[in-house]
Amino acid sequence: MNGQRILSPNDTADELAGTAFVHVDEQLVGAYLTADFASAVRLLDAVAAAADEVNHHPDVKLGWGRVEFELSSHDAGGVTSRDVALARRITAIAAEHGAKPGN
């Protein structure tokens with residue numbers, strides 16, 4: 001384990017308010033809708049750059065006008081503050097790109 005405390009859904013509820021993310025089992029899951037495939041790719045590219053900056057990377061599913069993210073700290077075995085911080089950053093990036101929550 002990396003020293004990060006594993007967070008429960010109760011721990012993350014307030015921090016995830018206003019995001020597309022929900023705490024399901026041992027991960028944060030969220031999706032954003034975009035106008036088309038190209039804009040989904042641009043959103044994903046921006047998220048990839050942010051994830052590289054903090055060296056914490058989501059699992060991603062990309063489709064036409066939709067990007068789905070799964071966040072978990074695999075080294076800690078669940079959701080940590082790193083995942084919450086990245087979920088909030090993804091939310092800000094999505095807003096900058098005009099993407100809408102898609103859960």
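Phe37, Val41, Val60, Leu62 and Trp64 form a nonpolar patch on the surface, and together they have about 470 Å² of accessible area. Helix H2 and strand E3 are the elements that give two or more residues to the nonpolar patch. Val41 is found in helix H2. Val41 counts as partly exposed because its relative accessibility is 33%.

Some terms need their cut-offs. Patches take residues with over 30% relative accessible area and no salt bridge; like charges are joined within 9 Å, and nonpolar side chains (Val, Leu, Ile, Met, Phe, Trp, Tyr) within 5 Å. Buried means under 20% relative accessible area, exposed means over 50%, and partly exposed lies in between (1.4 Å probe, protein chains only). Accessible areas come from the Shrake-Rupley method with a 1.4 Å probe, and for residues only the protein chains shown count as cover.

This is a predicted model, in which local features need pLDDT of at least 70, side-chain atom pairs count only at pLDDT 80 or more, and totals for chains, interfaces and linings use all residues. Residues are numbered from 1 along each chain as its sequence is written, and side-chain values use heavy atoms, with hydrogens and water left out.

**Overall fold**

The chain has 3 helices and 5 strands. Along the sequence they follow the pattern α-β-β-α-β-β-α-β. The radius of gyration is 13 Å, close to the 13 Å that the globule rule gives for 103 residues, so the chain is as compact as a globular protein of that length. That radius is taken over C-alpha atoms, and the globule rule is 2.2 Å times the number of residues to the power 0.38. Helices (H or I, at least four residues) and strands (E, at least two) are DSSP runs, numbered from the N terminus.

The C-alpha atoms fill a box of roughly 40 × 25 × 20 Å, taken along the principal axes. Of the 103 residues, 39% count as buried. The chain exposes about 5700 Å², and carbon and sulfur atoms supply 51% of that area. Among contacts between residues at least 6 apart in sequence, 66% join residues at least 24 apart. Contact means heavy atoms within 4.5 Å.

In soluble globular proteins, nonpolar side chains tend to be buried together. The largest nonpolar core here has 21 residues, of which Phe21, Leu28, Tyr32, Leu43, Phe69, Leu71 and Ile90 touch the most other members. Strand E2, helix H2, strand E4 (66-71) and helix H3 (81-96) are the elements that give two or more residues to this core. Helix H3 supplies the largest share, 6 residues. A nonpolar core is a set of buried Ala, Val, Leu, Ile, Met, Phe, Trp, Tyr and Cys residues joined through side-chain atoms within 4.5 Å.

**A buried loop residue**

Val79 lies in the loop between E4 and H3. Val79 counts as buried because its relative accessibility is 0%. Leaving out residues up to four places away in sequence, Val79 touches Arg5, Ile6, Leu7, Thr12, His23, Glu26, Gln27, Leu28, Leu71 and Val84. Val79 and Ala99 are 20 residues apart along the chain, and their C-alpha atoms are separated by 24 Å.

**Salt bridges**

A search of the whole structure finds 5 salt bridges. A salt bridge is a side-chain nitrogen of Lys or Arg within 4 Å of a carboxyl oxygen of Asp or Glu. The table lists some of them.

| Pair | N to O distance |
|---|---|
| Arg5 and Asp11 | 3.4 Å |
| Arg88 and Glu15 | 4.0 Å |
| Glu96 and Arg89 | 3.9 Å |

Arg88 lies in helix H3 and Glu15 in helix H1 (residues 9-16), so this pair ties together parts that are 73 residues apart in sequence. Arg88 is partly exposed at 41% relative accessibility, and Glu15 is partly exposed at 40%. Arg5 is exposed at 55%, whereas Asp11 is partly exposed at 36%. Glu96 is exposed at 59%, whereas Arg89 is partly exposed at 37%.

**Positive phi angles**

Most residues other than glycine have a negative phi. Asp25 has a positive phi, near 55°. Asp25 is found in the loop between strand E1 (22-24) and strand E2 (27-33). Asp25 counts as exposed, at 69% relative accessibility.

Asn55 has a positive phi too, near 50°. Asn55 is found in the loop between helix H2 (37-54) and strand E3 (59-63). Asn55 counts as exposed, at 60% relative accessibility.
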